[in-house]
Each structure stands twice: as C-alpha cells, then as structure tokens.
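I set down below what I looked up in this structure, entry by entry. The sequence and the model come first.

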Amino acid sequence: MQGKVEICGVNTAKLKTLPPDEMEELLKKASTGDEKARQALIEGNLRLVLSVIQRFDKRGESPDDLFQVGCIGLIKAISNFDPTKQVKFSTYGVPMIAGEVRRYLRDNSAIRVSRSIRDVAYKVLQCKEAMLLRLGREPTMEEISKELDLPIEDISEALDAVCAPVSLYEPVYADGGDPLTVMDQVRDNKNTEGHWMEHITLQNAFNALGKREKEILSLRFYDGKTQMEVADMVGISQAQVSRLEKGAISAMRKSVTVS
C-alpha cells in the first residue's frame, strides 16, 4: 500500500480534513438526518479510513478492498455516533473502522473457526463498540464479561480464535538493510546450547566463528535473549545484531555441510 496514491479512484494525496468546529457542526446536522452533512462527513474523514487500513497493509489484501470495507465502517460510525456524548469522533470512529476491516479479514481467512466461537466473538465486538460509545473509552475484559454475562476465558478464547494470523517472517522494521521479522523478536527458550551444540560438528563450526559472533549466538540461543537485549549488552544496533547472527548461522551451516 505504501506509495499507492490512488485507491478506489480516490486520489489519497488530495484527501481533505475537516476543522474541529466544522466537524462538530456536521455531526450535529447528520444526527438529525441531514444527508448533505452526512456526505460531507464521509468525504472529510476518508483520510481517517486510510490511516486505519494502513495497519493491515501486510495482510496481502487489496488496498482497494480494504479501503471500501473501511468506508463501510466509517459510514456506520457516522450513523451511530452521538454528538451529545463527550467523545471525539475519531476516538469512536477508529475502532469502528478497524473492527469492520477485522471482520472482513476474518470472514476471508483461510483458517476456519467454528460458528459458535465466531458468534461469541462478534457478540463481544458489538458489545465493545456499544460500550465505547457509552463510556467514551475502551471497555475492560471484566466490564465486557459482566455486560454479556460470559466468563472472561470464553471471551478471550473467542477473540484469539478470530484474530488474523501473523507470519513469523513478517517484517516489522527495516533500516535500509535486512528487515527485522517477527521471528527476530521471539525468545528461543527451547533451542538452547544444550540442544544445538551436542554434536561435535556443530561445536567445531561454532568454535570457528569470531569472538563477537560467538557472543551473539550464545546470548541469543543459550541465554534466550531477544535481539534488542543483545544489542544493548553488546553495544551495537539491533540491525547489526540481526546481520551478524544471520551471517554466523550461515557460516556454521556451510561448515557443517562441507564436513
């Protein structure tokens, strides 16, 4: 989505925003059924939709599709918003738009969830949206549990089941070099030194590494440190830790293959 200027025929570089006073006035008019005010609100908040769907641009979905779904969420937010409440429209609108996009992603996910669990999840999401408007903030799990008379465990299980999966190799940061992935941020408490250094070939390959590479691999796979923690301890950037780690593993792999 990055660099894409036109979405659904809309030039996103020219999207306008509404001043707070105009926004407030239009919301009041729209709440009384003024269609012109409603249309002006939709057009004036497309940038809000764009900012929300950019959170989902790594899911492999078409930006045009996400934008259309986000607009549906925006329209629902405008229709349900109560201007008499002391809540900013963006505070209410962003979760509504994001919720609509998440529903779309869940319904089109390759991972199938049972109907009963999905129904609980939808009920929870609807409750969250209603409570957000009523309270002016995100409700807690305990408040949702009390509102729906459901155990917190059931609510948590349902929400976890319908969350879109994230690849361990999805990039989360790049500084112009090798990107850092989700895998790089995960602690590895299973593949410790006792597991991957038992074989003498691996021991020899490890010993052939430089001092810094040995230190980084030991901290990462023996002590279970994250790359950020290793970077702080060694005194280099996380990107450098990632590159040195990958280089060291590659060198060991070549050594083992040759052996």
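**Cysteines**

I searched for disulfides, a disulfide being a pair of cysteine sulfur atoms within 2.5 Å, and by this rule the count is 0. In general, a disulfide is a covalent bond that joins the sulfur atoms of two cysteines. I then looked up the accessibility of two cysteines. C71 counts as buried because its relative accessibility is 15%. C127 counts as buried as well, at 8% relative accessibility.

**Basis of the entries**

I note that this is a predicted model, in which local features need pLDDT of at least 70 and side-chain atom pairs count only at pLDDT 80 or more, while totals for chains, interfaces and linings use all residues. Residues are numbered from 1 along each chain as its sequence is written, and side-chain values use heavy atoms, with hydrogens and water left out.

**The chain as a whole**

I recorded 13 helices and 4 strands in the protein chain. Helices (H or I, at least four residues) and strands (E, at least two) are DSSP runs, numbered from the N terminus. Of the 259 residues of the chain, 36% count as buried. I take contact to mean heavy atoms within 4.5 Å. Among the contacts in the chain with a separation of 6 or more, 58% are between residues 24 or more positions apart.

The 19 residues of helix 5 should span 27 Å, and the end C-alpha atoms are 27 Å apart, which agrees. Helix 5 is mostly covered, with 14 of its 19 residues buried.

How do helix 5 and helix 6 pack? Their angle is about 170 degrees and their axes are 10 Å apart. Axes are lines fitted to C-alpha atoms, for helices over the stretch in contact, and angles run from 0 to 180 degrees between N-to-C directions. Helix 5 is therefore roughly antiparallel to helix 6. The classes are under 35 degrees for roughly parallel, over 145 for roughly antiparallel, 65 to 115 for roughly perpendicular, and oblique for the rest. On helix 5 the contact is made by T91, Y92, P95, M96, R103, R106 and D107, and on helix 6 by R118, Y122, L125, E129, L132 and L133. I sorted the residues of this contact into 7 nonpolar, 1 polar and 5 charged. Here Ala, Val, Leu, Ile, Met, Phe, Trp, Tyr, Cys and Pro count as nonpolar, Asp, Glu, Lys and Arg as charged, and the others, Gly among them, as polar.

**Helix 6 against helix 8**

Helix 6 (residues 115-135) also packs with helix 8 (residues 152-161), at an angle of about 100 degrees and with the axes 8 Å apart. The two helices are therefore roughly perpendicular to each other. Helix 6 contributes I117, V120, A121, V124 and L125 to the contact, and helix 8 contributes D154, I155, E157, A158, L159 and A161. This contact divides into 9 nonpolar, no polar and 2 charged residues.

I also looked up D160, which is found in helix 8. D160 counts as exposed, at 55% relative accessibility.

Leaving aside neighbours within four places in sequence, I144 is in contact with V124, C127, K128, M131, P139 and I155. The C-alpha atoms of I144 and V124 are separated by 7.2 Å.

I216 lies in helix 11 (residues 211-222) and counts as buried, at 0% relative accessibility. With neighbours within four places in sequence left aside, I216 is in contact with V230, I236, V241, L244 and E245. I216 and E245 are 29 residues apart in sequence and 6.7 Å apart, C-alpha to C-alpha.

**Two loop residues**

S62 lies in the loop between helix 3 (46-53) and helix 4 (63-80). At 29% relative accessibility, S62 counts as partly exposed. D149 lies in the loop between helix 7 (141-148) and helix 8, and counts as exposed at 67% relative accessibility. Phi of D149 is near 55 degrees, a positive value in a residue other than glycine.

Terms used:
Buried < 20%, exposed > 50% of the residue type's maximum accessible area, 1.4 Å probe, protein only. Expected span 1.5 Å × (residues − 1).
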